[in-house]
Amino acid sequence: MLFFSRWKIWSIIAVCAAGVFLSVPNVVQRPDWWPYAMNLGLDLRGGSYLLLEVDMPAVVRDRIATIQDQVRTRMRAANIPIVGISGRDNSVVFQVRDPGQAQAAIANLREIVSLVGSGALGGGTPDLDMQAAPDGTISIVLTEVALRDKATQAVTQSIEIVRRRIDETGVNEPTIARQGANRILVQLPGVDDPDRIKKLLGTTARMTFRLLDANADPFSGARPPPGVEFLRAENERRGDGQPMLYAVRQRVEVEGANLVRASAGTNPQTGEWIVNFEFDALGGRRFADVTRQNVGRPFAIVLDDKVISAPVIREPITGGRGQISGRFTARDAQDLAVLLRAGALPAPLTIVEERSVGPDLGADAIKAGIASILAGMVLVFIFIMWSYGLFGVFACVGLLANLFLTVACLSMLQATLTLPGMAGLLLTLGLSVDANILINERIREETLAGKTPYAAMEAGFARAFSTIVDSNLTTLIKMMLLFAFGSGPVRGFAVTITLGIITSMFTATVLVRLMMVTWLRAKKRETLPV
Amino acid sequence: MATFFPRLRMFPDKTDIKFMNGRVVGLALSAFLSLVSVVLYFHPGLNFGIDFKGGIVIEARTPGEADFPALRGILAAQNVGPAGLQQFGSPSDVLIRLERQPGDEAAQQRAVERVRGALQQAVPGLQIRRVEAVGASISQELFVNGMLALGLSLVAMLLYIWFRFEWQFGVGAVVTLVLDITKMVGFYVVTGFQFNLVAIAALLTVMGYSINDKVVVYDRVRENLRKYKSMKLRDLIDLSINETLSRTIGTSVATFLSTLPLALFGGEALEEFAWTMLFGIFLATSSSIFIAAPILLLLGEDKLRRGPPPGKDAAADAAVPAKP
């Protein structure tokens, strides 16, 4: 164990030198072509961590409502009278008045079934399961596969739209990723007041253009007539301070999905902030039709069940362009334009976890962390050198190399350094001292037992090695569990300790041994300075 | 001998302390403390952080010295339930803790928005430095995961030590770990430290450190079992502890020293972690000597194998050359 071949010596030195070089990019300005450095976690650089949850029940509710609509339309068209249609959980149930027509109804409805979760052969399973009872009751159930497929789709779409919305706000290097079945993780470095983004993400932004019902009075206190709903105005109040209400028809004339462009601007005459928009061909045509047929009547622009504005149609709008004026502030108008450009979310998003840190708090944490690491290092070094003399000095060089190698590994992985990660770095120092102490104590013991320097060193390293492996492996197992079950910053802690322990095995048993052996060869001592 | 200055030796090189004489006292005291900790766990209970309980933490810095009665008044007007205010660091740093808001997940965010708005309006120049809001579902998941990590690592330790040593060692180590953990929980109750994800990380690290310590002592016991075939187990364990004493104390001191600065000026986030570590290091060191070893003595008398074990252990020990 005490012989080192020449190439071995050089490779050990090379590894340590590489450790130092790879650590350097963390403290100096590094060139663009060298991406390997640690990233600072949000808790150190400041920023916002948001965990969003896609409202899956809403997705299913939506789908069920669509199926109900399709059933009604198709049965009317096919002249099959039905009664008592209702949607619950993940199924639609209705009754065919004449049970004899049940099979015809099912045959007709087969056309709305689509295949999902297609496999390698292009096959798939139907998304709907239909069953008829003898009394003419038909139930349509969304299959398990369809529900899963729908969920995946909703999350994927939501991520895309979240990304577009965040990109519009100009945040640098946001991280947007799927987490678990129905969650989206958003990390926004440098954003310490995420209010605006939270508002942008919290809006579904489903925009619809609908007609108003002139006959219903939303203030009468009565229930709205069938096909009509009473909706609040976003920015408008009545004379008595109560929010303005409108009687809006449920039928959607044109969808926001048909918008191709939207931008904020000001009305040249009034100076008021407005949002200019442009429809695609289909939307433009439908908008032209609706406005042509309803000149003189008011219509409503509705965003997520709130009336943004309800202007009167003065003339047919045939160019496919229009503008929305809704008592906006500049910020409102810009945000609305962002939302319209990015598109609507397939389902509402809820923020289930937020962790935001201001940049100066992060800077304070870095300062405290670095000061602690330096102070801890000095204390440990004094202790080790005081206890073991020259071999203590070797151990300290080993510890320093260990620190550099750990930082180098973290840099190569482009790992994220968090506050707990810094604590991990410090703790690694303490834990890796153990290997050095084990070795030194063992050599000392063997020397006191009367062995020659070579024999004592040989035995010391050999005996200590199995103990070091045993004790480090148990810690490694723990850190892997912490990584698997922990989240966020705590994972950084686990990664740091893991790398620190692995590199400490190298520095304590190889590098320190090399130093001791080289010293012994050069000095040819009769006794060891233990 | 090349010595630059007097060496630090906390113990003479050869000690002969009869640790096993104190085994009953040690075990009884440990069991008693753990029992007290269990009682404390149920009453008054742990101070769960928002990671595990849900809720809101807001850290703010006021332009001048913080006016607590005024801030309390502002918060009370927001209808966000009981608010805990705490000054830390400088007199202008305020930590506001709100309980998890009743209602749906979005209720947390509404409360954050209300409080943030009200504070910034009432105290011009107030800086919100940190906001954390955790809802019910997340906190539940984090708690389950944290407990899973703790439980699984106990099982993993048992299996590992069983595999590397003999079952008596595994049981001894795990029983000691359980005693250690209960005391750590008691420590959290007594200090009122936040029990959160960082606390789990601290517990796992202490467990790792503790098992590390046990492995070193056990390793020596195993070695001595092969070396002194006729020595009484009791004396053999005493000898092993004495032989490893300088390393046990040395490592503890080194780890203690490396963590101390963090406890003193690591900032609000890491202080509690560091103090827990310091307590844990002390606990782990003492339990190696006074708990893990006596348990081994209780379980292993006349049962532990003395010869070089056959099979897998021999292979695992191949790195260690045979004794002369």
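I started in chain B, where α7(B) passes α9(B) in a right-handed crossing (right-handed if the near helix is turned clockwise from the far one by less than a right angle, left-handed if anticlockwise). Helices here are DSSP runs of H or I with at least four residues, strands are E runs of at least two, and both are numbered from the N terminus.

This is a predicted model: local features need pLDDT of at least 70, side-chain atom pairs count only at pLDDT 80 or more, and totals for chains, interfaces and linings use all residues. Residues are numbered from 1 along each chain as its sequence is written, with chains lettered from A and ligands numbered from 1 in the order in which they are written.

Next I checked the axes: α7(B) (197-227) and α9(B) (267-300) come within 9 Å and cross at roughly 35 degrees. Axes are lines fitted to C-alpha atoms, for helices over the stretch in contact, with angles from 0 to 180 degrees between N-to-C directions. Among the residues making the contact are Y209(B) of α7(B) and F273(B) of α9(B). Two residues are in contact if their C-beta atoms, placed from the backbone, lie within 7 Å.

Then I moved to chain A. The axes of α9(A) and α10(A) come within 8 Å and cross at roughly 5 degrees. That makes α9(A) roughly parallel to α10(A) (angles under 35 degrees count as that).

How many residues of chain A touch chain B? I found 65, in contact with 68 residues of chain B. On chain A's side, α9(A) gives the most, with 16 residues.

Technical notes:
Parallel < 35°, antiparallel > 145°, perpendicular 65-115°, else oblique.
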